[in-house]
Amino acid sequence: MTSESPNKIHLALFILVGLLCLMPMVSSPVALILGFTLASIGWAPDQIHLGALTKKLLAYSIVGLGFGIQLDAAVSISLQNLPLILGSIVLTLVLGFGLTKLLKLDAKTGHLVASGTAICGGSAIAAVSPAIRANSEQTAVALATVFILNSIALFVFPAIGHALSLSQHDFGVWSAIAIHDTSSVVGAASAYGSEALTTATTIKLARALWIIPIALISAILFKGNKNKIAIPYFIGFYCLAIAIAHWLPQGQVVYEAVFEVSKRLLVVCLFLIGAGITIKKMKSTGPKPLILGVLLWLAIGSSSLAYILASH
């Protein structure tokens, strides 16, 4: 057996497990664990750029979810929760600035962690990073911190939601505000229920629109490059999908099929994200970025939950 043979077997098994995640019996948390396990035992393929693949697949999946969102409901939910969306973003960024100083953490790393927590995890970090001229190490540390907390959220949030008997709507709002990445928001919300998924996706992507102004403000504060802002174009296509489903209702059967396929593709995304997280990477982040991430997460998670519960 040549040295290439084990690699080919590992690649085949990796692809097989990835395809298995398309099946309804594999939940989002299970997919994440499967990816993490394969990466930890060295079976994640080196020849595939998992980060780039995940990013593309996530974008396609989110656009597909747009076909299952009702336009009137999307506008209503977004406007209704606008104070919570704005308040959570401002609170997280201000608190992040203060805690970064207190922990004596590198300013750019701290700002990237805060931006990822405030808006939408890895997407926000990817957009803000070139704007403030962060180096690859600062970006990698922030991404690792957010991904670790995202992984925990998939398990913790549905458990808390059920323990508090949160309604589908309330859980959707809370997960969209308090969980970092869109993939984990959708994963946790879909595990909770279909209404939670619709609410969470709508609010999360309304929140994600704030990437652009936050990246511009960040570039000014850090004297960075305002011309190097990565705009998440998939948000526009997501809005277009909602509009198509609204104005051309004749294709409802097709839209429902695309929506269901997109939900399963998001589970595959979580498998790929899990495959990008290893124990080595978790250790390399060091304690300070993770402490900052946890403190910000607890602050935004508890305050948004208190706001939702008090609004009834």
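The structure is a predicted model, in which local features need pLDDT of at least 70, side-chain atom pairs count only at pLDDT 80 or more, and totals for chains, interfaces and linings use all residues. Residues are numbered from 1 along each chain as its sequence is written, and side-chain values use heavy atoms, with hydrogens and water left out.

**Nonpolar surface patch**

- I33, I152, F155, V156, I160, L164 and L309 form a nonpolar patch on the surface, and together they have about 540 Å² of accessible area.
- Helix 8 (residues 136-163) contributes the largest share of this patch, 4 residues; helices are DSSP runs (H or I, at least four residues) numbered from the N terminus.
- L309 belongs to helix 16 (residues 287-310).
- L309 counts as partly exposed because its relative accessibility is 43% (buried is under 20%, exposed over 50%, partly exposed in between, with a 1.4 Å probe and protein chains only).
- Patch residues have over 30% relative accessible area and no salt bridge, and nonpolar side chains (Val, Leu, Ile, Met, Phe, Trp, Tyr) are joined within 5 Å; a salt bridge is a side-chain nitrogen of Lys or Arg within 4 Å of a carboxyl oxygen of Asp or Glu.

**Second largest pocket**

- The second largest pocket holds about 350 Å³ of space.
- Its lining has 15 residues, with L93, F97, H111, L221 and F222 nearest the centre.
- Helix 5 (82-103), helix 6 (107-118) and helix 12 (211-221) each supply at least two lining residues, and helix 5 has the largest share, 6 residues.
- By class, the lining of this pocket comprises 9 nonpolar, 5 polar and 1 charged residues.
- On a 1 Å grid over the protein atoms alone, a pocket is an open set of points with protein on both sides within 12 Å along at least five of seven lines, a cavity is a set where a 1.4 Å probe fits but cannot get out, and lining residues have an atom within 4 Å of a point.

**Cavity**

- A search of the whole structure finds 1 cavity of 30 Å³ or more.
- The largest cavity, with a volume of about 30 Å³, is lined by S28, V186, G187, S190, K263, L266, V267 and L270.
- Helix 14 (252-275) and helix 10 (182-192) each supply at least two residues of that lining, and helix 14 gives the most, 4 residues.

**Loop residues with positive phi**

- R133, not a glycine, has a positive phi of about 60 degrees and lies in the loop between helix 7 (122-131) and helix 8.
- S165, also not a glycine, has a positive phi of about 55 degrees and sits in the loop between helix 8 and helix 9 (168-178).
- S165 counts as exposed because its relative accessibility is 62%.

How values were computed: Patches are made of residues with over 30% relative accessible area and no salt bridge: like charges are joined within 9 Å, nonpolar side chains (Val, Leu, Ile, Met, Phe, Trp, Tyr) within 5 Å. Accessible areas come from the Shrake-Rupley method with a 1.4 Å probe; for residues, only the protein chains shown count as cover. Grid points are joined across faces, edges and corners, and a volume is the space filled by probe spheres set on the points. Ala, Val, Leu, Ile, Met, Phe, Trp, Tyr, Cys and Pro count as nonpolar, Asp, Glu, Lys and Arg as charged, and the others, Gly among them, as polar.
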